[in-house]
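I opened my notebook for a first walk through this fold. Here is what I looked up, entry by entry.

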Amino acid sequence: MTQDENQLIPQKAHRIICFKVGKVKRENLYEMTRKYWKVNVRRASLATHALAIVDGIVQTVYLPYRWYPTEDTDSLGRYEFDGEEDSESEYIGKSVAHLYGKSQNPIKYINM
């Protein structure tokens, strides 16, 4: 497999939000991906796919269907989503390093 074959190439119709999640699991991957993000909720609500990124690689893909303010008192002003896992996604295992560049921001919007 060449470098290019392992890079995520987003489909034009997919509006993607990527989340760099920590290497140390505090909860399951879904919980780590879906909550406590400082996002532009109007923009995030347009996402058709939410990707969990660990070490620059897509670990899991979720199909978000609802965004709302968190009720966690330690994370007020942040948002979370509810969604379903897409375990058959072509994006799983793909690198997003070429999309992030040197950015330290844990959130990346693609096609939005």
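Among contacts between residues at least 6 apart in sequence, what percentage join residues at least 24 apart? I looked this up in the model, which is a predicted one, and found 65%.

**Layout.** I counted three helices and five strands. Reading along the sequence, I noted the pattern β-α-α-β-β-β-α-β. I then checked the radius of gyration: at 13 Å it is close to the 13 Å that the globule rule gives for 112 residues, so the protein is as compact as a globular protein of that length. Along the principal axes, the C-alpha trace spans about 45 × 30 × 25 Å.

I turned to the inside next, where 40% of the 112 residues count as buried. The largest nonpolar core holds 17 residues, and I17, F19, V21, V39, W67 and I107 touch the most other members. Strand 1 (16-20), helix 1 (29-34), strand 2 (49-54), strand 3 (57-69) and strand 5 (107-110) each supply at least two residues of this core. Strand 2 gives the most, with three residues.

Leaving aside neighbours within four places in sequence, V39 contacts I17, F19, A44, W67, Y79, I107 and Y109. Apart from this core I found another, of 11 residues, with L8, I16, L51 and V96 among them.

Definitions and conventions
Residues numbered from 1 in each chain as written. Predicted model: local features only at pLDDT ≥ 70, side-chain atom pairs only at ≥ 80, totals over all residues. Heavy atoms only, no water. Core = buried A, V, L, I, M, F, W, Y, C linked by side-chain atoms within 4.5 Å. Buried < 20%, exposed > 50% of the residue type's maximum accessible area, 1.4 Å probe, protein only. Helix = DSSP H or I, 4+ residues; strand = E, 2+ residues; numbered from the N terminus. Contact = heavy atoms within 4.5 Å. Rg over C-alpha atoms; globule rule 2.2 N^0.38 Å.
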